[in-house]
Amino acid sequence: MVKEEKVMTKAILVSADTGAYDCEASMDELSELARTAGAEELARVIQKRDAYESATVIGEGKLEEVKELCTNLGAELLIFDIELTSSQIRNIEEITDVRVIDRTMLILDIFAGRAVSREGKLQVELAQLRYRLPRLMGVGASLSRLGGGIGTRGPGETQLETDRRHIRRRIDKLSAELKELEERRGYTRSRRKKDSVQVGAIVGYTNAGKSTLLNHLTGAGVLAEDKLFATLDPTSRAIELPDGRSLLLVDTVGLIRRLPHHLVEAFKSTLEEAACADIIIHVCDASDPEAAEKADVTLKTLADLGAAEIPVVTVLNKCDKLEENIPENDTTVKISALKAQGIDRLLDTIAKNLPETSKRMKLLLPYAKGGLTAVIRENGKIFSEEYTENGILVDALVDRLNIKQMSEFEFKE
């Protein structure tokens, strides 16, 4: 049976360079996003401007050039590297007679295709609805191109309000479901803490090799490919460190520059594992010329999530592609996840930087101090208790807050 080739949508990328950010780098990323979504870049158009044209982003003269380019190249889609309003989409489509989407719509399309879990799908739908709600006014057929059917009728005021109410109700329902799932995750994290399970969050820029690393360390079988946002749903797997401690590794969604704030909010739950982790494993693509800038994006996002104080091990991945030598230190490791190089040193470095949250101790508690077993159980774990003539012999995992208190009862055989 002959495998059918996927038909790529022919697209032209468009942006206005106002100097607010590195436009060329952002367009390169947009090109990667387009490729991931199934679009073929035919050309890119950048107009230098002091500010965006309110009606069409770029000037109408430039837009006429874009229209001619679409005709000559057979483009079916225009992808703008900024977030567009509904009126801007309508105006641009009327002038060019070509379908228009923006950066956010493109990312949402990729997310929609990659979400696997129920939670991932709920998050995608919530982000889509939050994006659509302010764009209902004045949108005719173009709203239907966002993936829903709302707005295909005449947008009379009564119908518009009906559509808005429908979307708001759905947003409330999705938010409630996600909150319930968030509470369950909070309970799971409490259980991990109670059982002294330590968590390492694998974070980094999208396509840095996080999933490849997780697969190598744990055999998790996570989708790992050379596309942006290959991982959307978080995956957890346990590994054993060289010092005998167990670490639960959690893969998180890749980060990207200029990710719209409502997308960050919608996918916060996939990133909040990092904020609650005991250690962060920050994977960077060392072969990327923009590695430093992308690392800054990751660290800033972690700081925004309240994870700035958590120990970080920086993993310089894809070092097999480098010619120059990059120095390592106590918190920085060079590896090639694909070729399994540097993995032993990485595990040693993680173990050395992972905070000691508990200690396994053998204790002989006098019967008069028998109440201390409840103290141990509160934040730790008791493996065995033996009642002897001299007291209660306890084998326990003691929380760091109680180690000093228990040390006077440590049993020396």
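Contact here means heavy atoms within 4.5 Å. The structure is a predicted model, in which local features need pLDDT of at least 70 and side-chain atom pairs count only at pLDDT 80 or more, while totals for chains, interfaces and linings use all residues. Residues are numbered from 1 along each chain as its sequence is written, and side-chain values use heavy atoms, with hydrogens and water left out.

Of the 413 residues, 49% count as buried, where buried is under 20% relative accessible area, exposed is over 50% and partly exposed lies in between (1.4 Å probe, protein chains only). The accessible surface comes to about 20,800 Å², with 48% of it belonging to carbon and sulfur atoms; areas come from the Shrake-Rupley method with a 1.4 Å probe, and for residues only the protein chains shown count as cover. Among contacts between residues at least 6 apart in sequence, 66% join residues at least 24 apart.

Next come the helix pairs. Helix α1 (residues 23–37) packs on helix α4 (residues 103–114) at about 35 degrees, with the axes 10 Å apart. Axes are lines fitted to C-alpha atoms, for helices over the stretch in contact, and angles run from 0 to 180 degrees between N-to-C directions. The α1–α4 crossing is left-handed, meaning that the near helix is turned anticlockwise from the far one by less than a right angle (right-handed if clockwise). From α1, the contact takes in S26, E29, L30, L33, A34, T36 and A37, and from α4 R103, L106, I107, D109, I110 and R114. By class, that gives 7 nonpolar, 2 polar and 4 charged residues; Ala, Val, Leu, Ile, Met, Phe, Trp, Tyr, Cys and Pro count as nonpolar, Asp, Glu, Lys and Arg as charged, and the others, Gly among them, as polar.

Helices α2 (residues 60–73) and α3 (residues 86–96) meet at about 55 degrees, their axes 9 Å apart, and are therefore oblique to each other. Under 35 degrees counts as roughly parallel, over 145 as roughly antiparallel, 65 to 115 as roughly perpendicular and the rest as oblique. The crossing of α2 and α3 is right-handed. E60, L63, E64 and K67 of α2 touch I92, I95 and T96 of α3, a set of 3 nonpolar, 1 polar and 3 charged residues.

For helix α7 (residues 210–218) and α11, the angle is about 90 degrees and the axes are 12 Å apart, so the two are roughly perpendicular.

Most residues other than glycine have a negative phi. V57, not a glycine, has a positive phi of about 70 degrees; V57 sits in the loop between β2 (39–48) and α2 and is buried, at 0% relative accessible area. A340, also not a glycine, has a positive phi of about 60 degrees. A340 lies in the loop between β10 and α11 (343–353) and is partly exposed, at 36%. In strand β10 (residues 332–334) is T332, which is buried at 13%. Leaving aside neighbours within four places in sequence, T332 contacts T314, L316 and R345.

Terms used:
Helix = DSSP H or I, 4+ residues; strand = E, 2+ residues; numbered from the N terminus.
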